[in-house]
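I opened this notebook to record what I looked up in one protein chain, beginning with a detail and ending with the whole.

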Amino acid sequence: MNQEKIGYLYTATAYLLWGFLTLYWNTLNSVSSMEILAHRILWGFIFVAPLLFFHTKKRHAFFSFVNEFKRNILQIFYILVASLVISLNWLLFIWAVNFNHLIEASLGLYITPIISMILSILVLKERVTKGTIISMGTAFVGVLVITFDFGKIPWIAISLAFTSGIYGVMKKYIKVDALVGMFMETLMVAPFAFIFLLFLQQNNKMQFGSDVHFSLLLIGSGILTVLPLLWFAEGSKRISLTTIGFFQYITPTITFLLGLFIFENTITLMKWISFSIIWFSLAIFSFSSWKDNNH
């Protein structure tokens, strides 16, 4: 199997798992969103640490980075921002699943590529194409329609999109190895997760340990957090950003379908109109990206 096909396999598997993780978080709906997040961070760190330290090259890369602390202070800041925004993103998504806001969550995942592009233009000063401008304008109309339908700003969708977008921008600035970066991201927030869990334990509010089934699922949440990120990192090395752009619609589509058919979220006519406009904007965005990369 050539490297490109391996890249397709890694990337598609990562996005498929992210989509179906919705079902996983729902099985933990009796556990508070904050406790799930804390376990996700802590067990993710526990899972990724041996992967780093048993890999000689990666371990040396980490210690080399730490030894040059002063020189890498800006990189450390970018990693800290990335770890905070992705933690907030995870918390929002878990909360959306457990409180039956899946359709709005899927909207946020759909508009993430557009938000990422806006942030890339504003922060990274990337080139703006005509297709991108049309796509962003169309997506904005779609968000306005759903805002009108809700009677309020769809803050879950917008927050999910912005936290994902900011994370993506930070990853552009972070120049360390993917595994080293992931270890540092989890390392920076793991102490907060541990302190929070300690607080829950002392106040007899922690679900972990009260039931074997829940406890195993919470441990597994860390592994299921790290695995798709590693697969995505491996996939992105082998295929173009444009191709990744097509794959990234797998997750929101699965989330949308689960919300519609499994969790029976109601979708009004205005929501269908809004989603149709968003899907059209993504079609313009994808076609424009493909066209630009084939010229």
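Which backbone nitrogen does a side-chain oxygen of Asp 211 reach at the start of H9? I found that this oxygen comes to within 2.9 Å of the backbone nitrogen of His 213, which I noted as a polar contact (a pair of N or O atoms within 3.5 Å; within protein, one must be able to donate a hydrogen and the other to accept it, and residues adjacent in sequence count only if both atoms are side-chain atoms).

Before going on, I wrote down that this is a predicted model, in which local features need pLDDT of at least 70 and side-chain atom pairs count only at pLDDT 80 or more, while totals for chains, interfaces and linings use all residues. Residues are numbered from 1 along each chain as its sequence is written, and side-chain values use heavy atoms, with hydrogens and water left out.

**Helices**

I looked up the secondary structure and found twelve helices and zero strands in the protein chain, where helices (H or I, at least four residues) and strands (E, at least two) are DSSP runs numbered from the N terminus. The radius of gyration (taken over C-alpha atoms) is 20 Å, close to the 19 Å that the globule rule (2.2 Å times the number of residues to the power 0.38) gives for 295 residues, so the chain is as compact as a globular protein of that length.

Helix H9 covers residues 212-238 and reaches 40 Å from its first C-alpha to its last, close to the 39 Å expected (1.5 Å times one less than its number of residues). Helix H4, residues 73-98, reaches 38 Å, close to the 38 Å expected, and just after H4 I noted that Asn 100 takes a positive phi of about 60°.

I then searched for a cavity, which on a 1 Å grid over the protein atoms alone is a set of points where a 1.4 Å probe fits but cannot get out, with lining residues having an atom within 4 Å of a point. The count came to one cavity of 30 Å³ or more, and about 70 Å³ of space lies in the largest cavity, a volume being the space filled by probe spheres set on the points, which are joined across faces, edges and corners.

Which helices supply at least two residues each to its lining? They are H4, helix H8 (178-202) and H9, and the lining residues include Trp 90, Glu 185 and Leu 229.

**The whole chain**

Last, I noted that the C-alpha trace spans about 45 × 45 × 40 Å along its principal axes.

Key. On a 1 Å grid over the protein atoms alone, a cavity is a set of points where a 1.4 Å probe fits but cannot get out, and a pocket is an open set with protein on both sides within 12 Å along at least five of seven lines; lining residues have an atom within 4 Å of a point.
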